[in-house]
Amino acid sequence: MAALFQECPSGIVNEETFKEIYSQFFPQGDSTTYAHFLFNAFDTDHNGSVSFEDFVSGLSILLRGSVQEKLNWAFNLYDINKDGYITKEEMLDIMKAIYDMMGKCTYPALKDEAPRQHVEIFFQDENIMRSMQLFENVI
């Protein structure tokens, strides 16, 4: 992820640059939508750009933050319209984006209904903390 700022000497990354570089990390799939959601999570002041400081701050939470801080960050990612709630539709949009990013070449082959099944399991599980661990590796 450091490559984001190596190609941007100004220390500011816009969404298109974010998408371009993210597509290099996941060449086997389409990372455009997930990169969009992730960019919006890092762009905390919603000014259309992510500074190096914003990026490092977000990474610091993801790598060294408390469980609560990580959950808050993940909640912000999944709450697409930023209304304070995560709906099934929002989570489905994120899950579809993740599956698209992972590509059709993943093994075992992912079925088209897999994102919806994943979301249904999440919303049925009473232990949300355990469910959040399913997403830990893709944030």
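What are the percentages of helix and strand over residues 66-101, and how far apart are the end C-alpha atoms? In this predicted model, residues 66-101 are 72% helix and 0% strand, with 27 Å between the end C-alpha atoms. This stretch is one of two that the UniProt record, an unreviewed entry, annotates as "domain: EF-hand"; the other covers residues 30-65. The two annotated stretches are set out below.

| Residues | Helix | Strand | End C-alpha atoms apart |
|---|---|---|---|
| 30-65 | 67% helix | 8% strand | 29 Å |
| 66-101 | 72% helix | 0% strand | 27 Å |

**The nonpolar core**

The largest nonpolar core comprises 28 residues. Within this core, the residues with the most contacts are F18, Y22, Y34, L38, F42, W73 and L77. Two or more core residues are given by each of the helices α2 (15-25), α3 (32-42), α4 (52-64), α5 (67-78), α6 (88-102) and α7 (114-124). The largest share, 8 residues, is contributed by α6.

Most residues other than glycine have a negative phi. Is H46 buried or exposed? H46 has a relative accessible area of 51%, and therefore counts as exposed.

K82 is likewise not a glycine and has a positive phi of about 55°. The loop between α5 and α6 holds K82. Its relative accessibility is 32%, so K82 is classed as partly exposed.

Note on methods. Residues numbered from 1 in each chain as written. Predicted model: local features only at pLDDT ≥ 70, side-chain atom pairs only at ≥ 80, totals over all residues. Heavy atoms only, no water. UniProt positions renumbered as here; feature names shortened; annotations may be inferred. Helix = DSSP H or I, 4+ residues; strand = E, 2+ residues; numbered from the N terminus. Core = buried A, V, L, I, M, F, W, Y, C linked by side-chain atoms within 4.5 Å. Buried < 20%, exposed > 50% of the residue type's maximum accessible area, 1.4 Å probe, protein only.
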